[in-house]
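Please consult the sequence and the structure shown below while reading.

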Amino acid sequence: MSIYVRRFSRYEGKLEPPRGRFRVILLAELRRIFADKWWRRFLFGAAMPAVMMAGWLYLMTTFQEATGAELDFPFFSVLFGWQFSWLGIMQAWFGASMITGDMQTKALSLYFTRPIDATQYLLGKLGATMALALTITWIPSLLVAVVQYSVADHLTFGAFAENVWSITACSMGAAFTTSALILLLSSTGLSARYVGITWLGAFVFLEAIRGILYESTGRSEALDVLSLARLLSGSVEYYFLGASHKLGSVITLWGVGALLTLILRIRLSGFEKARS
Amino acid sequence: MTAVITTERLSRWYGQVIALNDVSVTIEQGIVGLLGPNGAGKSTFLRLVVGLMRPTSGALRVLGAVPADEIAWRRRFGYCPEHDNFYEDMTGLEFVETFARLSGFAAGDARRAAAKTLDRVRLAESDYAKKQIRQYSKGMRQKVKIAQALVHEPELVVLDEPLTGADPVSRHEINELLKELGRAGHTVVVSSHVLHEVERVTQRFILIDKGRLLAEGTVGEIRALIDKHPHRIELSTPDPRGLAARLVAEPTVVSVNITESGLTLETREADGCYAAIGRLAGESGIPVLRMVSPDNNLDAVFRYLTRG
């Protein structure tokens, strides 16, 4: 028989509130991704359209009289078209491994034996994926807006602020919904490669289905709900081209994102308690 | 002594397969070995204890709480899973620090606690704490995994096969660490399918096989309960026949066999038999040079329990 006396002392420092612990997961994920050389290369490639556009803006304003070029060209919608393509690839490449990596290596068991719940885990992963998405949508577009404001004499601060708002809203909607979707796919437990391929395949497949139905049902815009690409381009048209009839796309985009997040939350809760 | 873990008719099914069957056990403070072959249900039991699963039926209380229900309670235990192929890109220090922060430590405190814990598992001195986990040997991976379970100074430490794959030096260091944890007042539940490894750390065991609780207690206690198999004692003596002739008359002795090196006897009452051997050797003047009990160890006990 032994006598056991507690000689160790518990941590007596101030505990951080449980609600903020998602930041630990978020920062750990960002540190992991940013340490990846492929992410840095990808980022370099994704920044190219914005760099070219900023250069084009500079040249056009500098040599405007000589070229007669118009600055009214809707370059933000063109830029977002490019960036959304990069976003799709980014999610397939880097977003796909966010949860599936933890599932395949059984690291989820480490998270869920800490005082964090499925919501904190979800917020951490969603926050990290959105941060990556915003790095290739919001930040480059914002830089272009700043360059535009600094070189275009006729642009008022009000117009600049409106651009910033549109860029932010458009980027956030895209980042939120695409992140929620890739995380949901990532939570299926497939390998990251299959999740990425499924993600890209779903884009093509849903676009094709929408196209067929669009032609056969009298070109209804309600079918845009089937296509994430159409919702994203509708969002760009709404914010940058003043297409008010595309408000439905914006609302649907956010609604789909919220619904996917809710489904993901329920799914993660199942992992946390392993009821199955 | 206060019960740290109490289970009552605890069962867990995976579909049609039963992983844990009607297990009722009480674990008190100290080090306890959870033993059984691969697939015995050890990991399932540990996952239930740390709240990663809910029991299909039965009751389970750990440190006074129902594990799967209370999130804040998770600060009171540390769990080291069997698998270790995660967070390859992180350094050992980052890995342990991350899990300290998930336990609620402030950033600076988490860093200090991580460094201190890595020192405790003897990983800091090799400078490997600052290298990526992908560069670690199996033993180092086990240590860093144990470190994340200890960084927040939990009352209960649950270790699933912590010695698997570790080299002899790492095994020794991990064993010493486990003993140190026990001395410091932590409750340690350590699972293994290699019985003699755990025997170096503790004498208290829970034996399970095919999801069933086979026995619990010390090796001696468990061995004493196995009436079906007599206890064997091997003696080395220069006069085996003389000693054997005296021993067969003892009521505690079941059988005596003379061998090349001495004699082997069987008894159902080990303590009484040991006393008789000492008494007879003294009375007859026949020296006993060596006395061992080949089946008074965990391997033999486990073999008897599982094979009948």
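A salt bridge is a side-chain nitrogen of Lys or Arg within 4 Å of a carboxyl oxygen of Asp or Glu. In this predicted model, the side chains of E16(A) and R101(B) form such a salt bridge, with an N to O distance of 2.8 Å. Between chain A and chain B, the count of salt bridges is one.

The elements of chain A that give two or more residues to the side touching chain B are helix 1 (22-34), helix 6 (108-111) and helix 12 (247-273). Helix 1 of chain A supplies the largest share of that side, namely five residues. Sorted by class, the side of chain A that touches chain B holds 15 nonpolar, seven polar and 15 charged residues.

The table lists further values for the two chains.

| Property of chain A with chain B | Value |
|---|---|
| Residues in contact | 37 residues of chain A with 51 residues of chain B |
| Area buried between chain A and chain B | about 3900 Å², 56% of it on carbon and sulfur atoms |
| Residue pairs in polar contact, both at pLDDT 80 or more | ten residue pairs between chain A and chain B |

Within chain A, helix 2 (residues 37-62) packs against helix 7 (residues 118-136) at an angle of about 40°, and their axes are 9 Å apart. Helix 2 of chain A is therefore oblique to helix 7 of chain A. In this contact, helix 2 of chain A contributes W39(A), F42(A), L43(A) and A46(A), while helix 7 of chain A contributes L132(A), T135(A) and I136(A). The residues of the contact between helix 2 and helix 7 of chain A comprise six nonpolar, one polar and no charged.

How values were computed:
Residues numbered from 1 in each chain as written. Chains lettered and ligands numbered in written order. Predicted model: local features only at pLDDT ≥ 70, side-chain atom pairs only at ≥ 80, totals over all residues. Heavy atoms only, no water. Axes fitted to C-alpha atoms, helices over the stretch in contact; angles between N-to-C directions. Helix = DSSP H or I, 4+ residues; strand = E, 2+ residues; numbered from the N terminus. Parallel < 35°, antiparallel > 145°, perpendicular 65-115°, else oblique. Contact = heavy atoms within 4.5 Å. Nonpolar A, V, L, I, M, F, W, Y, C, P; charged D, E, K, R; others polar. Buried area = accessible area lost by both parts, 1.4 Å probe. Polar contact = N/O pair within 3.5 Å; in protein donor to acceptor, adjacent residues only side chain to side chain.
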